[in-house]
Every structure is written in C-alpha cells, then in structure tokens.
Amino acid sequence: MKTEELEDRIRRTTRFNAALIENNAAPTFSAFLAACAEQAGAKRAELIRALNVDRNYGYQLLNGTRLPTRAQVVRIALFLRLDVKCAQKLLNLAGREALYVRRPEDARVVYCLEHDIAFEKACAFVWGE
C-alpha cells in the first residue's frame with residue numbers, strides 16, 4: 001500500500017489499527033534503492049563505480065549491510081536521475097537529512113534532479129568535481 005493510501009486510511013478510521021501499520025511497513029533502504037535502480041535500468045556495478053567506492057563496500061551499501069553517507073545517497077539519486085520526491089525518500093530511508101533548498105549545495109542538487117542533468121555534469125555543478 002502506498003504511503004498516501006495508508007495515511008488516508010488512518011485519517012478516515014475511527015479506531016487505530018496497529019496491524020495496518022505493521023503489515024505496511026516502509027521498505028528498507030536497499031529494497032527501495034534496488035527498485036529505483038531497476039526502474040532506471042542501472043546495474044549494481046555501474047552504481048558502485050559512480051559512487052567511487054571500493055567494490056566490497058559498495059555491495060555492502062547496496063545490500064543494506066551498511067548505510068551510505070548523505071553525499072553518497074545524493075550521488076545515487078543523481079546517477080539514477082531520480083525525481084526529488086524519490087531522492088527525499090531515499091535520504092529518509094538511509095536515515096539522512098532531507099534536501100533543503102535554502103542550502104546552496106542542496107539547491108543545486110534539486111536543480112539537477114528537476115532538470116534531468118547528466119551525472120557527470122551534475123556532480124561538477126554540485127561539488128565542482
């Protein structure tokens with residue numbers, strides 16, 4: 001069930017149903033990332049190369065054994081060319097701070113995501129890489 005649907009059902013109900021919440025838990029970071037990568041047609045090895053991390057560490061990130069840093073989640077979002085909503089969800093699932101457009105770096109990230117900027121150009125624009 002989508003989050004919006006779950007929220008709507010909670011609003012409309014007269015009695016709180018804990019089972020409804022338990023049966024509709026949020027996806028894990030790794031599960032959501034796998035779905036995003038599949039939708040983007042990206043292979044795991046390509047994503048690890050884009051993150052510029054050691055292969056073993058990269059697979060730990062993708063499998064959920066380790067959680068990525070905020071910057072790594074942002075790089076993932078840029079590489080997969082996610083929309084802002086999905087990028088925010090990925091950050092949330094990783095336990096990282098959401099994008100906040102009043103921060104110059106975050107504003108650049110949002111700009112790149114909204115305008116579908118290619119990964120290399122986006123990294124150069126955001127971090128000067």
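Reply: Start with a cut-off: exposed means over 50% relative accessible area, buried means under 20%, and partly exposed is in between. Keep in mind that this is a predicted model.

Me: Why is Lys-85 called exposed?
Reply: Its relative accessibility is 58%. The cut-off for exposed is over 50%. So Lys-85 counts as exposed.

Me: What makes Glu-4 partly exposed?
Reply: Glu-4 has 45% relative accessibility.

Me: Why is the contact of Lys-85 and Glu-4 called a salt bridge?
Reply: A Lys or Arg side-chain nitrogen has to be within 4 Å of a carboxyl oxygen of Asp or Glu. For Lys-85 and Glu-4 the N to O value is 3.2 Å. Lys-85 lies in helix 7 (residues 84–93) and Glu-4 in helix 1 (residues 3–12), so the pair ties together parts that are 81 residues apart in sequence. The structure holds seven salt bridges.

Me: What makes Arg-70 and Asp-106 a salt bridge?
Reply: Their closest N and O atoms are 2.8 Å apart, and the limit is 4 Å. Arg-70 is in helix 6 and Asp-106 in helix 8 (residues 104–114), so this pair ties together parts that are 36 residues apart in sequence. Both Arg-70 and Asp-106 are buried.

Me: Which residues join Arg-70 and Asp-106 in one network?
Reply: Glu-97 and Arg-103 do, through salt bridges that share partners. The side chains of Glu-97 and Arg-103 themselves meet in a salt bridge, at 2.3 Å from N to O. Glu-97 is partly exposed, at 49% relative accessible area. Arg-103 is also partly exposed, at 29%.

Me: How do you know that the buried residues of helix 5 line one face?
Reply: The buried residues of helix 5 (residues 55–63) are Gly-58, Leu-61 and Leu-62. Seen down the helix axis, they fall within an arc of 95°, so they line one face. They pack against helix 3 (29–40), helix 4 (44–51) and helix 6 (70–80).

Me: What is found at the start of helix 5, and what follows the helix?
Reply: At the start, a side-chain oxygen of Asp-54 comes to within 3.1 Å of the backbone nitrogen of Asn-56. Gly-64 follows helix 5, and its phi is positive, near 85°.

Terms used
Residues are numbered from 1 along each chain as its sequence is written. This is a predicted model: local features need pLDDT of at least 70, side-chain atom pairs count only at pLDDT 80 or more; totals for chains, interfaces and linings use all residues. Side-chain values use heavy atoms; hydrogens and water are left out. Buried means under 20% relative accessible area, exposed over 50%, partly exposed in between (1.4 Å probe, protein chains only). Helices (H or I, at least four residues) and strands (E, at least two) are DSSP runs, numbered from the N terminus. The arc is that of the directions from the helix axis to the C-beta atoms. Contact means heavy atoms within 4.5 Å. A polar contact is a pair of N or O atoms within 3.5 Å; within protein, one must be able to donate a hydrogen and the other to accept it, and residues adjacent in sequence count only if both atoms are side-chain atoms.
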